[in-house]
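Here are a few exercises to work through with the model open beside you. Try each task before reading its solution.

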Amino acid sequence: MPKAAQLAVVDLDLVEECATPAEQVAAAVALTVLYEPVLLSLRRLAAAEESNKRYGSGS
């Protein structure tokens with residue numbers, strides 16, 4: 001299973017654990033508004049590090 005699909009399963013499992021529909025909506029919003037930018041930032045950092053290893057000074 002691709003990593004993106006694994007993340008989707010984990011995200012939906014987390015939302016389903018909430019007791020009420022209002023909590024599910026809050027969890028979905030939090031995942032979208034807070035979690036996605038963090039993942040994007042981590043991806044950018046990892047890409048920069050890999051680029052440095054491949055094409056930079058290697059330090």
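**Exercise 1. Find which helix gives the largest share of the nonpolar patch.**

Solution. Helix α2 supplies the largest share, five residues; helices here are DSSP runs (H or I, at least four residues), numbered from the N terminus. Next, list the members: Leu 7, Tyr 35, Val 38, Leu 39, Leu 42 and Leu 45, with about 510 Å² of accessible area together. Patch residues have over 30% relative accessible area and no salt bridge, with nonpolar side chains joined within 5 Å; areas are Shrake-Rupley values with a 1.4 Å probe.

This is a predicted model, where local features need pLDDT of at least 70 and side-chain atom pairs pLDDT 80 or more, while totals for chains, interfaces and linings use all residues. Residues are numbered from 1 along each chain, and side-chain values use heavy atoms, without hydrogens or water.

**Exercise 2. Describe how α1 and α2 cross.**

Solution. Start with the axes, lines fitted to C-alpha atoms over the stretch in contact, with angles from 0 to 180 degrees between N-to-C directions. Those of α1 (residues 3-16) and α2 (residues 21-55) come within 9 Å and cross at roughly 145°.

**Exercise 3. Locate the salt bridge.**

Solution. Look for a Lys or Arg side-chain nitrogen within 4 Å of an Asp or Glu carboxyl oxygen. Arg 54 and Glu 50 meet this at 2.8 Å, N to O; both lie in α2, four residues apart.

Conventions:
Helix = DSSP H or I, 4+ residues; strand = E, 2+ residues; numbered from the N terminus. Patch = residues over 30% accessible without salt bridge, like charges linked within 9 Å, V, L, I, M, F, W, Y side chains within 5 Å.
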